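Hi,

Here is the structure I promised to pass on. Have a look at it first, and then read on for my notes on what turned up.

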Amino acid sequence: MSFTLNHLKSLESEAIYVIREAAAQFQNPAILFSGGKDSIAVTYLARKAFYPAPIPFPLLHIDTGNNFQETLDYRDKLVSKLDVRLIVASVQDSINQHRVTEEKGYNASRIRLQTTTLLDAIEKYKFDCCLGGARRDEEKARAKERFFSHRDEFGQWDPKNQRPELWNLFNGRMNVGENFRVFPISNWTELDVWQYMGMEKIELPSLYFSHRRRVFERDGVLLAESPFIPMKPNEVVEEQTVRFRTIGDITSTGATFSEASTVDEIINEVAATRVTERGGRADDKRSETSMEDRKKEGYF
Amino acid sequence: MTQGIFDSNSYMNMELLRFTTAGSVDDGKSTLIGRLLYDSKSIFEDQYENIKATSERRGENFVNLALLTDGLRAEREQGITIDVAYRYFSTPKRKFIIADTPGHIQYTRNMVTGASTANLAIILIDARNGVVEQTRRHSLIASLLGIQHLAVCINKMDLVDYSKEVFDNIVRDYREFASRLQAKDIQFIPISALNGDNVVSRSNNMPWFEGVTLLYLLETVYIAGDINHIDARFPVQYVIRPYNDEFHDYRGYAGRLSSGVLRPGDKVSILPSGFTTNIKAIEFDGKQLTEAYAPMSVTVLLEDDIDISRGDMIVRENNQPHISQDLEVMVCWMGDKPLQKNGKYAIKHTTKDARCVVKDIKYKLDISTLHRITDNPEINMNDIGRITVRTTAPLLYDAYTKNRETGAFIMIDEGTNVTVGACIILD
């Protein structure tokens with residue numbers, strides 16, 4: 001008799017183990033929910049981890065205000081379906097309270113400002129652990145992350161001095177005022193997430209599937225026409241058949257030309273693609289180590 | 001990755017192989033991983049363009065594949081790997097998780113981290129230098145951490161004219177040293193990571209080599225037998241109580257099997273209390289399972305209402321782990337300050353938290369010779385030694401050689417909360 005789990009079942013079991021470990025080791029965790037497929041995967045995995053009890057922590061959405069409407073609709077539907085509490089922390093509030101200053105210019109983005117809003121929310125709600133959908137295959141700084149990632153009282157990540165993470169023994173001990181980020185799907189790739197979505201028949205935001213949309217190109221990134229993005233005079237908007245590989249703030253999420261309209265078609269597209277999914281993220285193009293720099297400050 | 005490989009049936013049957021890489025500084029680990037990713041077409045165009053541009057800016061006259069894994073600013077500046085980097089690739093046969101670990105001595109603790117969950121270790125040797133102290137250290141750590149399969153890659157063969165004699169001498173030196181290791185499956189492969197010889201495709205420069213390429217070995221090495229399917233061990237991780245009308249009396253014990261198999265109806269003991277009962281059901285996501293085996297995460301329901309909490313263990317009545325407060329341990333030390341005799345540390349073992357006191361430091365291992373230093377040994381960062389500890393509560397354990405989950409624990413400095421010791425329980 002063969003007792004073997006395939007790779008998706010192994011990854012699922014590992015993620016659920018990590019989520020349960022977070023629930024057991026921390027007093028007040030939250031799931032960082034962006035409306036993207038990775039945080040959706042974490043939310044569904046949390047549902048499985050505690051079933052038939054409800055998910056024992058709220059979803060925390062750091063809202064830049066520059067959203068796709070489809071993301072908000074999906075979020076609200078999911079919250080009512082899973083009967084989970086939603087907390088929204090808004091970057092606009094941080095701006096109104098003069099905690100941060102809005103960037104100016106054509107490439108202005110609220111991505112960096114999110115960090116302050118997140119750290120303020122962690123303090124306000126006394127979260128000692130935020131579960132996130134970050135994956136190590138996404139980006140080179142994320143490749144160095146632990147499952148249980150320690151943050152000091154300033155929310156900072158110290159990549160050169162991380163705790164060794166041995167076997168499946170996660171050390172969530174900390175001092176008052178510090179907190180942890182926990183990443184249950186660290187070992188998943190983009191393809192794994194899609195295969196899992198297909199296997200589990202999980203409903204996803206429509207933005208991930210091929211649709212007609214008015215878009216324009218800037219610095220090699222295909223951006224959606226939106227009141228949140230000021231256009232340069234020479235930029236031309238055209239209606240195209242596109243989908244989004246990642247979903248974040250509308251100002252920095254690039255679309256790709258795609259005819260893939262089902263999960264199976266997306267799996268085939270992802271398996272054949274030659275560009276990483278964050279290749280379309282304007283926020284990562286700012287410098288070679290922009291993700292590392294943002295993470296050190298306390299970004300997701 | 002080409003279209004059509006991942007049709008919905010084949011990816012459902014793919015196995016996962018976790019491997020780690022070890023070698024001295026500049027043995028070319030990151031280059032080897034870059035080569036595996038590049039030649040298996042797992043590098044994306046934008047990643048390749050990015051490292052190509054960086055290589056050119058740095059004045060390197062080749063595309064430096066090491067930049068793929070060295071992601072931190074300090075690593076790129078110094079050209080070394082500081083921390084474990086995790087990389088992923090797949091072939092039609094398997095999906096791979098690589099823990100690329102630093103060779104530099106001050107980061108040896110990260111090698112231990114990478115090795116603790118690996119099925120296989122790649123040990124890199126620079127063909128010009130042969131077996132060096134770091135080779136012995138890394139092989140010892142891999143062996144001690146229970147890695148069954150070692151792929152010893154003699155790298156930079158291009159710099160020794162692809163010489164069979166050089167290769168044979170290193171193999172002989174390594175075997176002599178390795179006879180004292182626990183790892184049983186050791187394969188030797190002459191490679192050039194820089195040029196790709198014997199990494200993914202066979203080398204034309206070494207017709208004398210009759211073995212397989214590294215990728216072929218990774219795709220075919222038999223790992224299904226590495227998990228212990230005999231001793232059922234289910235550490236309780238979390239107790240699920242829904243507190244609603246529909247599931248009013250529901251009390252589920254959530255956890256992941258460390259080893260073995262459990263089925264509904266099995267007669268089980270709850271440790272450490274020793275109460276016995278039967279398994280009423282095994283559930284996952286609301287579905288009833290007919291069996292659960294390691295490493296599945298499930299929820300177990302029992303016939304009788306017994307007081308059970310996190311840290312307890314569900315086992316078969318006729319196959320129980322050891323229970324003791326006094327343990328003989330091999331420790332890999334990772335703390336800045338040396339291990340304190342009579343010092344007290346917090347510990348985490350399976351899902352249980354406890355404390356321990358170090359009763360005795362028996363010896364420290366001389367990594368080069370494997371000799372035991374018994375004369376007042378001080379165990380510093382990156383040292384490996386044999387100690388005796390007494391714990392505040394009895395641990396439910398098996399020897400590490402039989403069970404990598406129940407045979408291991410970590411020591412934590414109670415002042416700084418930092419993980420300072422990786423502990424392997426001996427018989």
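In what order do the 6 strands of the open sheet in chain A run? The order is E3-E2-E1-E4-E6-E5, and the pairing is mixed. Before you go further, keep in mind that this is a predicted model.

At the edges of that chain A sheet sit strand E3 (86–90) and strand E5 (148–151), each with pairing on one side only. From one strand to the next, the twist averages 30°. Helix H5 (residues 113–125) of chain A packs on the sheet, where it touches strand E2 (59–63), E3, E4 and E6 of chain A. The direction of H5(A) makes about 135° with that of E3(A). Further into the pairing, strand E4 (residues 129–131) of chain A and strand E6 (residues 179–182) of chain A run parallel, joined by 3 bridges.

Now for chain B. Its secondary structure comes to 7 helices and 23 strands, and 50% of its 427 residues count as buried. Looking at contacts in chain B with a separation of 6 or more, 69% are between residues 24 or more positions apart.

Chain B has an open sheet of 6 strands too, in the order E2-E3-E1-E4-E5-E6 and with mixed pairing. Strand E2 (85–90) and strand E6 (185–190) of chain B are the edge strands, each pairing on one side only. The twist there averages 25° from one strand to the next.

On one side, E4(B) and E5(B) run parallel and are joined by 7 bridges, with B:Ala121 having B:Leu150 as its bridge partner in E5(B). Is E5(B) mostly covered or mostly open? Mostly covered: 7 of its 7 residues are buried. B:His149, B:Ala151, B:Cys153 and B:Asn155 point one way, B:Leu150, B:Val152 and B:Ile154 point the other way, and all are buried.

Helix H6 (residues 164–178) of chain B goes with this part of the story. From its first C-alpha to its last, this 15-residue helix reaches 21 Å, close to the 21 Å expected at 1.5 Å a residue. Which residues of H6(B) are buried? They are B:Phe167, B:Ile170, B:Tyr174 and B:Ala178. These residues cover an arc of only 70° around the axis, which puts them on the same side of H6(B).

Elsewhere in chain B, strand E15 (residues 297–302) is worth a look. E15(B) runs antiparallel to strand E9 (residues 252–256) of chain B, and 4 bridges join them. E15(B) also pairs with strand E12 (residues 275–284) of chain B in the antiparallel sense, over 4 bridges. B:Thr299 turns up in both pairings: it is the bridge partner of B:Ala254 and also of B:Glu283.

On to the core. The largest nonpolar core has 187 residues, and those with the most contacts inside it are A:Ile19, A:Ile31, B:Ala121, B:Ala142 and B:Cys423. Helix H1 (residues 7–25) of chain A gives the most to this core, with 9 residues. As for B:Cys423, leaving aside residues up to four places away in sequence, it touches B:Val329, B:Val331, B:Ala408, B:Phe409, B:Ile410 and B:Met411.

H1(A) is mostly covered, with 16 of its 19 residues buried. Its 19 residues should span 27 Å at 1.5 Å a residue, and its end C-alpha atoms are 27 Å apart, which agrees.

Last, the contact between the chains takes 55 residues from chain A and 67 residues from chain B. On the chain A side, the elements giving two or more residues are H1, helix H2 (37–50), helix H6 (190–200) and helix H7 (263–272). H1(A) gives the largest share of that side, 9 residues.

Cheers

Conventions
Residues numbered from 1 in each chain as written. Chains lettered and ligands numbered in written order. Predicted model: local features only at pLDDT ≥ 70, side-chain atom pairs only at ≥ 80, totals over all residues. Pairing = 2+ DSSP bridges. Axes fitted to C-alpha atoms, helices over the stretch in contact; angles between N-to-C directions. Expected span 1.5 Å × (residues − 1). Buried ≥ 20, exposed ≤ 12 C-beta atoms within 10 Å, placed from the backbone. Arc of directions from axis to C-beta. Core = buried A, V, L, I, M, F, W, Y, C linked by C-beta atoms within 7 Å. Contact = placed C-beta atoms within 7 Å.
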